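Me: I am new to this structure and would like to know what lies behind the words used for it. Please go through the terms step by step.

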Amino acid sequence: MSSQRIVVLAGGLSHERDVSVRSGRRVAEALRAQGLDVEERDMDAELIPSLVADPPACVFPVLHGAAGEDGAIRDVLDMLGVPYVGSGPTPCRVSYDKPVAKAIIDAADIATPEGVVLPHASFRELGAQAVLTAVEDSLGLPVVVKPTKGGSSLGATIVRNAAELPGAMVTCFSYGDTALIERYIEGIEVAVSVIDLGEGPFALPAVEIVPDGGFYDYAARYTAGMTEFFTPARLTAEASAAVAAVALRAHDVLGLRGISRSDLIVEQDGSVQFLEVNVAPGMTETSLFPQAVAAAGLDLGEVCASLVDGAVELDAELS
Amino acid sequence: MSTPVPASGDPSGSMAAHGSRLDPHLARYAARTHGMTASEIRALFSVASRPEVVSLAGGMPNIAALPMDVVAASVAEMLSKRGHVALQYGSGQGDPILREQICEIVGLQGVHPHPDDVVVTVGSQMALDLVTRIFCDPGDVILAEAPSYVGALGVFRAYQVDVEHVAMDEHGLIPEALRDSLIALAAQGRAPKFLYTIPSFHNPAGVSQPAERRAEILQIAQSAGVLVIEDDPYGLLGFDGQIPQAMRAQDAEGVIYLGSFSKTFAAGIRVGWAVAPHGVREKLTLAAEAAVLCPPAYSQLTISTYLATQPWMDQVKTFREVYRERRDATLESLEQHMPEGATWTKPDGGFYVWVTLPPGMDATAMLPRAITARVAYVPGTAFYMDGQGRRSMRLSYCFPEPDRIREGVRRLAGVIEEELELISTFGTAIGAPGTHGAGAPETTAPGPEVM
């Protein structure tokens with residue numbers, strides 16, 4: 001490599017651009033605190049020419065939403081021969097599509113809520129009321145309606161009565177063309193991050209999420225004070241081990257690399273339900289991953305720098 | 001939803017009584033910060049700054065039309081001659097020469113104050129803040145148009161003032177609606193501290209009060225003993241070259257006039273003013289000194305030198321033509337693309353068009369889809385304190401090139417068409433209450449830096 005600089009890639013054109021920019025800034029500052037030369041770049045028409053003209057040692061993608069998490073940028077970086085932190089393009093593509101990820105998770109005997117996947121077109125062609133009646137009869141209420149792709153709870157709604165379903169569907173379709181409707185699972189909501197610092201992946205302490213309004217929506221995620229976090233989560237030793245095991249298994253069966261965050265529900269009986277996985281977890285001041293890092297007694301900058309080292313070493317091995 | 005799992009085997013030993021809320025100052029915040037929450041709608045405006053997006057959202061003036069070489073020369077001259085003044089503290093009321101110049105400018109609108117009645121502020125935003133500060137206690141009520149300027153609503157919210165919106169039509173504030181509001185408030189035993197109005201080229205509605213309506217509104221306010229705050233940043237930007245007479249011209253004691261150089265020169269200079277009767281002016285000056293000590297001398301002398309040495313009114317005329325061309329592009333493309341049932345205002349000046357969508361639609365809920373389609377606007381809910389405005393949106397034509405405006409409206413029409421199909425599919429009005437834009441109105445509007 002002609003450069004030892006690290007490029008932190010953040011921003012993009014998704015609905016989560018704002019979160020990505022803030023996450024990217026924090027990762028860049030954390031890496032600079034480790035004495036690394038860091039450049040922050042957006043995903044725009046200038047990116048590829050700059051990477052070709054002056055290839056960095058590594059790219060740290062902190063992009064949220066499509067193009068950032070669906071594997072596209074990683075395919076591009078692979079074509080350019082630039083190392084990057086995190087999972088390869090295919091695992092990202094699979095993980096970003098919630099129903100596809102859930103199918104793989106389910107095949108690995110990891111519990112995940114029962115649900116249906118319905119594109120907008122199906123409501124138009126089959127009649128919305130008929131479809132929604134079938135959903136209610138099949139899954140019961142409450143259900144969670146969310147876009148099949150995307151994070152930050154954008155477009156997601158907890159529906160507790162049938163009259164709310166049409167509005168929830170419309171809210172969902174504001175963010176994407178396909179909806180995932182899942183049975184709502186009562187329990188403790190936790191996020192378990194997995195990182196690999198060179199000795200193999202391991203789970204960080206689970207972060208328990210208790211939003212004041214009962215739903216970890218956008219405001220609850222990004223307004224300090226609206227959610228109470230318990231890190232480590234208030235789980236028994238058995239349950240703690242179970243969520244860690246699920247997160248590690250998900251990281252493994254989905255083919256993930258370096259860093260991931262699984263969002264899980266621990267039911268009253270201690271069983272664990274997988275909701276979704278994030279290949280580029282948020283790094284803002286209110287995000288879950290940094291809290292887990294701190295609870296593990298680790299430094300965010302050191303963790304990020306180790307992830308960079310791992311990516312560079314892997315690239316060298318594969319070259 | 002979250003309750004600790006019953007112990008089975010040994011507890012982890014980590015069951016803390018209190019978790020972390022990631023902000024050690026939670027118990028210290030004032031009550032007025034309630035509603036200051038992260039908003040997914042406001043976050044969408046960070047995408048609006050990307051060149052791929054046609055942003056009809058922000059109200060940034062088109063300073064590309066400003067001759068930078070002339071401005072630079074003006075600043076250089078100012079520094080060479082008065083740098084020792086420009087870089088020093090100055091009067092809390094503002095530079096005396098600039099205050100005289102402001103008197104000349106407002107004279108074009110029939111306002112003839114003494115320079116001592118002018119208080120220079122850091123933008124007219126600060127002037128509005130100071131006026132609210134000196135007149136309003138928490139719980140007081142004021143009257144504002146429906147819709148009203150989002151920056152003003154932010155000020156009123158900050159001072160914990162109740163806002164009663166008064167209806168407008170294509171000619172601005174409706175006098176009969178004002179009478180009705182005053183009667184209703186009187187029945188509640190409440191007297192509004194003032195009426196806040198933008199009579200010329202309204203932000204966000206784009207409409208203007210004709211002279212006779214201004215007179216009627218003033219008469220109603222006088223009869224009710226209600227002070228009028230006239231906010232007039234766009235008064236010189238009428239496309240027909242006619243300069244509307246300010247309300248202040250008809251009532252020196254009952255109207256406080258707010259003006260600004262943001263749209264006639266440059267927003268970044270941050271110079272505005274209040275014209276107020278002497279008693280008010282004294283308090284405004286004291287309040288201004290408490291807030292900023294003095295307005296920036298550098299900015300004041302920059303604009304003062306510019307006004308004294310440059311044909312500034314020619315520049316205003318240049319701006320008018322820039323904005324007229326863009327207004328025309330907007331109205332033509334709205335006419336061409338908007339579906340049946342959509343209506344919009346037809347501004348004669350200023351920056352904005354107010355579009356109201358067909359029944360059942362929700363502009364706030366539609367914004368994510370619009371961003372996906374690479375077009376941005378400000379949802380109407382940003383301009384109300386009471387949750388109104390869901391069917392409406394503000395389109396700003398001040399910044400993009402006319403061809404971009406046309407493309408933006410075309411994209412917007414596509415989004416509206418898709419949204420109408422969604423409504424048709426689900427047979428419901430979109431947008432569950434309490435979801436999008438549930439916080440302060442300003443949480444559904446972009447910051448000033450968004451184009």
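Me: Why is H11(B) called largely enclosed by the rest of the structure?

Reply: The model is a predicted one. A residue is buried if 20 or more other C-beta atoms lie within 10 Å of its own. Ten of the ten residues of H11(B) are buried, so the helix is largely enclosed by the rest of the structure. Among these buried residues are Met366(B), Leu367(B), Pro368(B) and Ile371(B), and also Arg369(B).

Me: What do the buried residues of H11(B) pack against?

Reply: From chain A, helix H8 (165-173) takes part. From chain B, the partners are H1, strand S12 (375-376), strand S13 (378-379), strand S14 (392-396) and H12. Just after H11(B) comes Arg374(B), with a positive phi of about 70°.

Me: What makes up the contact between chain A and chain B?

Reply: Residues count as in contact if their C-beta atoms lie within 7 Å. The contact takes 48 residues from chain A and 43 residues from chain B. On the side of chain B that touches chain A, helix H1 (40-48), helix H11 (363-372) and helix H12 (402-426) each supply at least two residues. By class, this side of chain B has 21 nonpolar, 15 polar and seven charged residues.

Me: How do you know which parts of chain B belong to which domain?

Reply: The bounds come from an automatic or database domain assignment. For chain B it gives domain 1 (37-59 + 314-444) and domain 2 (81-310). The C-alpha centres of the two domains lie 27 Å apart.

Me: What makes up the contact between domain 1 and domain 2 of chain B?

Reply: In this contact, 28 residues of domain 1 of chain B meet 25 residues of domain 2 of chain B. On the domain 1 side, helix H10 (312-337) and strand S11 (352-356) of chain B are the elements that give two or more residues. H10(B) gives the most, with six residues. That side has 14 nonpolar, seven polar and seven charged residues.

Me: Which residues touch the most other members of the largest nonpolar core?

Reply: They are Ile256(B), Ala274(B) and Ala376(B), in a core of 116 residues. Domain 1 and domain 2 of chain B each give this core at least three residues. Leaving out residues up to four places away in sequence, Ile256(B) touches Val131(B), Leu227(B), Ile229(B), Ala274(B), Ala276(B) and Val280(B). Another core, of 108 residues, lies apart from it and includes Cys172(A), Val207(A), Ala239(A) and Leu256(A).

Note on methods:
Residues are numbered from 1 along each chain as its sequence is written. Chains are lettered from A and ligands numbered from 1 in the order in which they are written. This is a predicted model: local features need pLDDT of at least 70, side-chain atom pairs count only at pLDDT 80 or more; totals for chains, interfaces and linings use all residues. Two residues are in contact if their C-beta atoms, placed from the backbone, lie within 7 Å. Helices (H or I, at least four residues) and strands (E, at least two) are DSSP runs, numbered from the N terminus. Ala, Val, Leu, Ile, Met, Phe, Trp, Tyr, Cys and Pro count as nonpolar, Asp, Glu, Lys and Arg as charged, and the others, Gly among them, as polar. A nonpolar core is a set of buried Ala, Val, Leu, Ile, Met, Phe, Trp, Tyr and Cys residues joined through C-beta atoms within 7 Å. A residue is buried if 20 or more other C-beta atoms lie within 10 Å of its own, exposed if 12 or fewer, and partly exposed in between; C-beta atoms are placed from the backbone.
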